[in-house]
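Hi,

Here's the structure I said I'd pass along.

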Amino acid sequence: MNRRKARWRIAVAVLAVLAVVIAVVAVWRALTPGAEVNLADVVAVALAGAMAVGAVVAWARRPTTASTPADVNAHVDVDAAAQVLASLVEQQWRTEARHRLLDDPEPIPVHWQLIADAAATARSGR
């Protein structure tokens, strides 16, 4: 099964590289000798193609199996760290809620009154 995945990745990489090469050749052929060619444009297309080829080759060469920790205790350490982090975050949120008076049952007193001025209540944009 691993060989099949590796062959599939290599096939995709070859097709991607071929597509990039075709794109670069198409851009190169579209340039006419008499036209003002901006050398930066040609270099940008070539560099983008090289970057795409490099990314595809790196993707195709990466290992197909997931790495597993050699130490079984590593899983236990991650669980313990997650518990500590959860506890610290909960404590931080409770402290912040107290500082902002989020658990205060009294509403904030707001004083307001009706006004008869139509200009103050009119919506803008009409």
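Below is what turned up, starting with confidence and then going through the salt bridges.

First off, keep in mind that this is a predicted model. The mean pLDDT over the chain is 76, and 75% of the residues come in at 70 or higher. If you go element by element, helix α3 (residues 73–99) has the highest mean pLDDT, at 86. At the other end is helix α4 (residues 118–121), with the lowest mean, 76.

Now the salt bridges: there are two in the structure.

One of them pairs Glu 90 with Arg 94, with 2.8 Å between the closest N and O atoms. Both residues belong to helix α3 and sit four residues apart, so about one helical turn separates them. How exposed are the two partners? Glu 90 has a relative accessible area of 42%, so it counts as partly exposed. Arg 94 is at 52%, which makes it exposed; the cut-off for that is over 50%.

The other one joins the side chains of Glu 96 and Arg 100, again with an N to O distance of 2.8 Å.

When you open the model, I'd start with Glu 90 and Arg 94 in helix α3, then go on to the bridge between Glu 96 and Arg 100.

Cheers

Conventions:
Residues are numbered from 1 along each chain as its sequence is written. This is a predicted model: local features need pLDDT of at least 70, side-chain atom pairs count only at pLDDT 80 or more; totals for chains, interfaces and linings use all residues. Side-chain values use heavy atoms; hydrogens and water are left out. pLDDT is the predictor's confidence in each residue, from 0 to 100. Helices (H or I, at least four residues) and strands (E, at least two) are DSSP runs, numbered from the N terminus. A salt bridge is a side-chain nitrogen of Lys or Arg within 4 Å of a carboxyl oxygen of Asp or Glu. Buried means under 20% relative accessible area, exposed over 50%, partly exposed in between (1.4 Å probe, protein chains only).
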